[in-house]
Amino acid sequence: MACSATIQPLLNFELSHSHQPKRPYSLPLCSFIKKPRLSPKHFFSQSKDYTKINIFSSPSLFSRQKPGSHVAAQSDYSSGEEAESLLPDSAYQEPFSWSSVILPFLFPALGGLLFGYDIGATSGATISLQSPELSGTTWFNLSAIQLGLVVSGSLYGALLGSLLVYPVADSLGRRRELLIAALLYVLGGVLTAFAPGLSVLLVGRLLYGLGIGLAMHGAPLYIAETCPSQIRGTLISLKELFIVLGILLGYFVGSFQINAVGGWRYMYGCSAPVALLMGLGMWSLPPSPRWLILRAVQGKGSLQELKEKAILALSKLRGRAPGDEASEKQIEDTLISVKSAYMEQESEGNILEVFQGPSLKAFIIGGGLVLFQQITGQPSVLYYAGPILQSAGFSAAADATRLSVVVGLFKLLMTWIAVAKVDDLGRRPLLIGGVGGIVCNLYPWVLFNCFSRWMP
């Protein structure tokens, strides 16, 4: 992944030994298990020994991770990792139809596709924008710093967008977050395509990047909170595949428009129609039922009103009749479990424990993986694929952009293999194999460059 933004739902916890229940702790959104209903009032009139309450008999829609030994309010989504069920395969699984799953996955995933498209389109745009014959501008003679700002403008925007959305994400909601992201994508793409000068171009790139920041935060959350539990890991992994598909699409558009005067405008502008489709699609989808329940638990609205909205949203997402009994049952179970988890979070959760004991080790390993993924330089190769291939001997712009399509196809192939085999082979073997491949390919070139400089 070029720049994978990963996020996990707010209310995922691991319990310490002193508070660990006798059975695995999960937060079921949806349950068809027939058991006596407990109203919230009855639930909280009981003892605080939550192990006496049977909330473990149904698969979780949002948290399917293994119990640990430390409390940790986690904020990281790994592709498919959260879909590892605590329950055996024989546990009851929610029935669903694929036709009702496609759209709630597709429209948020377009946010990832547009992120990848920006990477691929930038590769060809850097060549077109600097060409005296093809740029169609009088300001084509960009310095290295100016070109760097054009390329990284969307990344600066994505960083800023991620920082801005973090404290307000729960207030906005996943659906509204993605709607705003789609609007920023459209504004950024149109402004970049019609930019009369470098300053306007940079503003357009920044706006587009803000859309990336919001989309990469909201898309995995919306997908995880609305899809059936048994396919959640698959769909989140496919969202990552959409990013790579966007990269390939950007390379294709770049290769087609590289010989057109002002072709870079078309390369960036083609993102606007896709972003518009994403916005219209998200407008037609309901808000996340889990987010509505969370707002009710947090006291951000009328409990009964938010509960009814959650039932209607879940009914629409599953393709059922509005307010059907199954959806009502699921939402009632969710309300009870989310309330208990929210109370546990407020009384026991401490973000500082992330930096203590085994949690610190996990934090260092996870942060190190992201760090070393980026400093290998592979994101730069994707953004500058066209210019790099030109300097490698493919001097014709058309040849360089066509070869970048081959790079995109190979990346898509390997990503698809990883998505298809991640559950069979496991995360660690794939990670070791990927890092090993990087080392084996980069190390001989590092040695060659070092020796060539030392040799007379």
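Tutor: Helices (H or I, at least four residues) and strands (E, at least two) are taken as DSSP runs, numbered from the N terminus. The model is predicted, so local features need pLDDT of at least 70 and side-chain atom pairs count only at pLDDT 80 or more, while totals for chains, interfaces and linings use all residues. Residues are numbered from 1 along each chain as its sequence is written, and side-chain values use heavy atoms, with hydrogens and water left out.

Student: Which helix holds both Phe252 and Phe256?

Tutor: The two residues are four places apart, about one turn of the helix. An α-helix has 3.6 residues a turn, so residues three or four places apart point the same way. The helix that holds Phe252 and Phe256 spans residues 232-257 and is α7.

Student: How many aromatic pairs are there?

Tutor: Rings of Phe, Tyr and Trp (its six-membered ring) pair if their centres lie within 6.5 Å; planes under 30 degrees apart count as stacked, over 60 as edge-to-face and the rest as tilted. By this rule, the number of aromatic pairs is four.

Student: What is the class of the pair formed by the rings of Tyr185 and Tyr208?

Tutor: The ring centres of Tyr185 and Tyr208 are 4.8 Å apart. Their planes meet at 55°, so the pair is tilted.

Student: Which helices does this pair link?

Tutor: Tyr185 and Tyr208 are 23 residues apart, and their pair links distant parts of the chain. Tyr185 lies in helix α5 and Tyr208 in helix α6.

Student: Are Tyr185 and Tyr208 buried or exposed?

Tutor: Buried means under 20% relative accessible area, exposed over 50%, and partly exposed in between (1.4 Å probe, protein chains only). On that scale, both Tyr185 and Tyr208 are buried.

Student: What is the relation between the directions of α5 and α6?

Tutor: Axes are lines fitted to C-alpha atoms, for helices over the stretch in contact, and angles run from 0 to 180 degrees between N-to-C directions. Helix α5 (residues 174-193) packs against helix α6 (residues 198-226) at about 155°, with the axes 7 Å apart. Angles under 35 degrees count as roughly parallel, over 145 as roughly antiparallel, 65 to 115 as roughly perpendicular and the rest as oblique. The angle therefore makes α5 and α6 roughly antiparallel.

Student: Is the crossing of α5 and α6 left-handed or right-handed?

Tutor: A crossing is left-handed if the near helix is turned anticlockwise from the far one by less than a right angle, and right-handed if clockwise. The way in which α5 passes α6 is left-handed.

Student: How many nonpolar residues does the contact of α5 with α6 have?

Tutor: Ala, Val, Leu, Ile, Met, Phe, Trp, Tyr, Cys and Pro count as nonpolar, Asp, Glu, Lys and Arg as charged, and the others, Gly among them, as polar. The contact of α5 with α6 has seven polar and five charged residues. Its number of nonpolar residues is 19.

Student: How far apart are the axes of α5 and α9?

Tutor: These two helices pack at an angle of about 160°, and their crossing is left-handed. The separation of the axes of α5 and α9 is 8 Å.

Student: Which residue has its ring under the charged end of Arg175?

Tutor: A charge sits over a ring if NZ of Lys or CZ of Arg is within 6 Å of the ring centre and within 35 degrees of the ring normal. The charged end of Arg175 is 5.7 Å from the centre of the ring, and that ring belongs to Trp283.

Student: How many of the residues of helix α10 are buried?

Tutor: Helix α10 (residues 289-297) is largely enclosed by the rest of the structure. Its buried residues include Trp291, Leu292 and Arg295. The buried count for α10 is nine of nine.
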